[in-house]
Amino acid sequence: MAPLNSNAIAFTGLANEYCQAVETAREYELHEFVKTMLKLLPRLYITATDLNTEDAEQYDAYIDAALDEDYYDAVRRGMESLFGPDDVYLEVFEEDMKFSDTPVSASIAEGLADIFQVLYNYLATVRDTTDDTVALALVSVKDDFKAYWSSTLCNVLRALNAIAVRE
């Protein structure tokens, strides 16, 4: 496989920065955390979209879970507490919305924690490993990005923007 390119390195750095911000959310003021997420999420989206994984796509790529449920819940609860009543927003792109007479709600904290889980597992996998393992981990992250966390990121970004413009 080819050596890692600058986009893969940038993605890894952004993933690390995102995970650190989410893990320390309780230490932020709400407007500062929202501002931080509004800076990180679009950059994560762009770098994840631009990941070049063609060299490794023919291999089965899988990332082992490194994040345990208790830590996930602690991180999610920390953000939920920070957001307070702003945590819940109406989700208009939910598939079930087509068949529902009632609005479907979602949680900013849960969306951010779901992205955190993917990136945390990725970082745990690529820490102190070979370029080949990183390349395979990037394939897995990009597949997961396409399958679900890209839409989660966009939906949460919209909700965070609503908080930011209100302040």
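Me: Why is tyrosine 71 called partly exposed?

Reply: Its relative accessible area is 31%. Buried means under 20%, exposed means over 50%, and partly exposed lies in between (1.4 Å probe, protein chains only). So tyrosine 71 counts as partly exposed. A word on the background: this is a predicted model, where local features need pLDDT of at least 70, side-chain atom pairs count only at pLDDT 80 or more, and totals for chains, interfaces and linings use all residues. Residues are numbered from 1 along each chain as its sequence is written, and side-chain values use heavy atoms, with hydrogens and water left out.

Me: What makes phenylalanine 145 buried or exposed?

Reply: Its relative accessibility is 5%, so phenylalanine 145 counts as buried.

Me: Why is the pair of tyrosine 45 and phenylalanine 145 called edge-to-face?

Reply: Rings of Phe, Tyr and Trp (its six-membered ring) pair if their centres lie within 6.5 Å; planes under 30 degrees apart are stacked, over 60 edge-to-face, and the rest tilted. Here the centres are 5.2 Å apart and the planes stand at 65°, so the pair is edge-to-face.

Me: And what makes the pair of tyrosine 71 and tyrosine 120 tilted?

Reply: Their ring centres are 6.0 Å apart and their planes are at 50°, so this pair is tilted.

Me: How do you know that helix 1 and helix 2 are roughly antiparallel?

Reply: Their axes cross at roughly 155°. Angles under 35 degrees count as roughly parallel, over 145 as roughly antiparallel, 65 to 115 as roughly perpendicular and the rest as oblique. Helix 1 and helix 2 are therefore roughly antiparallel.

Key:
Axes are lines fitted to C-alpha atoms, for helices over the stretch in contact, and angles run from 0 to 180 degrees between N-to-C directions. Helices (H or I, at least four residues) and strands (E, at least two) are DSSP runs, numbered from the N terminus.
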